[in-house]
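Subject: Structure handover

Hello,

Here is the structure for you to look at.

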Amino acid sequence: PTDVGPGGNDAQARSQYHAVFLQVNKKMSHGIQGGFSYTLSRLKSNNDESLGVADITNSASQIPQDYFDISSEYALSAFDRTHRAVVNYMWEIPGPKSGVLKQIAGGWQLSGITSFQSGQPFTVFTGQDTNGNGGGADRPNLTGSGSFDWDSEHKGFTNNGYYTVPRTAAGAVLPFSLGNGNGLKTAHRAASVWNTDLSLAKSFDIKRTRLNVRIDAFNALDQDNYGVPTTSMSSADFGKNLNNWGNRSLTLSAKLSF
């Protein structure tokens with residue numbers, strides 16, 4: 001574990017990381033090589049982002065809800081990923097050993113990396129200065145009832161009375177209306193993420209020259225990375241997922257050596 005900074009009610013931040021790491025590798029034999037690694041971890045902190053990067057501050061605020069109660073900010077970090085597993089592999093595809101067919105169909109190599117990791121923890125915010133301290137990290141109240149429901153694909157959610165905040169007659173969140181909400185920091189986690197990158201490569205020898213051809217497929221299986229839905233209760237899109245989920249991309253490259 002690592003523990004940085006004394007924490008408490010001062011200008012310093014505190015974080016603590018615990019992890020168990022496992023790695024297994026297979027050396028090249030019979031045209032196959034590969035490896036597997038897995039990390040089980042927990043990262044807690046009372047501040048995650050000092051530079052205002054939106055992907056992080058939308059999940060765990062850059063500033064505390066209450067400057068006089070930094071201890072209530074100590075929770076799962078937005079950088080926490082409980083599980084992360086990665087498999088790498090390479091296969092020298094069998095083919096003709098000689099002749100013209102060897103030049104065309106022999107010597108191809110398929111390699112890739114497949115990874116899985118837990119989703120990003122995030123916080124539900126009021127989206128207004130509801131405690132009146134001039135900050136913008138305010139959290140709503142937990143009701144002790146109601147429900148916080150994810151859709152079937154875990155890409156967006158609905159707040160059915162689970163969180164409450166004072167609103168105007170028109171439905172807008174009221175500033176200076178709540179005090180410090182008892183909603184928990186980073187209490188929810190976005191959908192987990194899968195990704196596979198593949199490469200197919202071959203070298204062609206032509207007299208004194210060599211042509212290397214390579215095809216790379218990033219996110220080859222076109223798997224979605226939903227990310228964190230809209231976390232502000234002041235937004236009309238609260239709970240909706242407006243992210244670009246990513247897509248498959250292919251590149252073709254060639255290098256001629258002589």
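A word on terms before the notes: contact means heavy atoms within 4.5 Å. This is a predicted model, so local features need pLDDT of at least 70, side-chain atom pairs count only at pLDDT 80 or more, and totals for chains, interfaces and linings use all residues. Residues are numbered from 1 along each chain as its sequence is written, and side-chain values use heavy atoms, with hydrogens and water left out.

**Two residues to start with**

Begin at Asn131. It touches Gln65, Asp138, Gly179 and Asn180, not counting residues up to four places away in sequence. Asn131 sits in the loop between strand E7 (121-122) and strand E8 (141-142). Helices (H or I, at least four residues) and strands (E, at least two) are DSSP runs, numbered from the N terminus.

Is Asn131 buried or exposed? Asn131 is buried, at a relative accessible area of 18%. Buried means under 20% relative accessible area, exposed over 50%, and partly exposed in between (1.4 Å probe, protein chains only).

Now go to Ser111, in strand E6. Ser111 is buried too, with a relative accessible area of 19%. Its contacts, leaving aside neighbours within four places in sequence, are Tyr89, Met90, Asp197, Leu198 and Ser199. Leu198 also gives a sense of distance: its C-alpha atom is 50 Å from that of Asn131, and the two are 67 residues apart along the chain.

**The chain as a whole**

The chain has two helices and 15 strands. Its C-alpha trace spans about 80 × 45 × 35 Å along the principal axes. The radius of gyration is 25 Å, whereas a compact globule of 258 residues would have one near 18 Å. That radius is taken over C-alpha atoms, and the globule rule is 2.2 Å times the number of residues to the power 0.38.

Of the 258 residues, 33% are buried. Take the contacts in the chain with a separation of 6 or more: 65% of them are between residues 24 or more positions apart.

**Salt bridges**

How many salt bridges does a search of the whole structure find? There are six. A salt bridge is a side-chain nitrogen of Lys or Arg within 4 Å of a carboxyl oxygen of Asp or Glu.

- Arg189 and Asp80 meet through their side chains at 2.8 Å, N to O. Arg189 is in strand E12 (residues 188-189) and Asp80 in the loop between strand E4 (75-76) and strand E5 (83-92), so the pair ties together parts that are 109 residues apart in sequence. Arg189 is partly exposed, at 24% relative accessible area. Asp80 is buried, at 0%.
- Asp216 and Arg214 form a salt bridge at 3.0 Å, N to O. Asp216 is buried at 10%, and Arg214 is partly exposed at 37%.
- Lys240 pairs with Asp237, their closest N and O atoms being 3.7 Å apart. Lys240 is partly exposed at 44%. Asp237 is partly exposed at 27%.

**Pockets**

Rolling a probe the size of a water molecule over the atoms shows where empty space is left. On a 1 Å grid over the protein atoms alone, a pocket is an open set of points where a 1.4 Å probe fits, with protein on both sides within 12 Å along at least five of seven lines; lining residues have an atom within 4 Å of a point. Grid points are joined across faces, edges and corners, and a volume is the space filled by probe spheres set on the points.

The largest pocket holds about 490 Å³ of space. It is lined by 26 residues, and those closest to its centre are Gln120, Tyr226, Gly227, Val228 and Asn243. Helix H1 (54-57), strand E6 (109-117) and strand E13 (193-206) each supply at least two lining residues. E13 has the largest share, with three. The lining divides into nine nonpolar, 14 polar and three charged residues. Here Ala, Val, Leu, Ile, Met, Phe, Trp, Tyr, Cys and Pro count as nonpolar, Asp, Glu, Lys and Arg as charged, and the others, Gly among them, as polar.

The second largest pocket has a volume of about 310 Å³. Its lining has 18 residues, with Lys102, Gly106, Gly107, Trp108 and Lys202 nearest its centre. Helix H2 (99-105) and E13 each give two or more residues to that lining. E13 gives the most, four.

Best wishes
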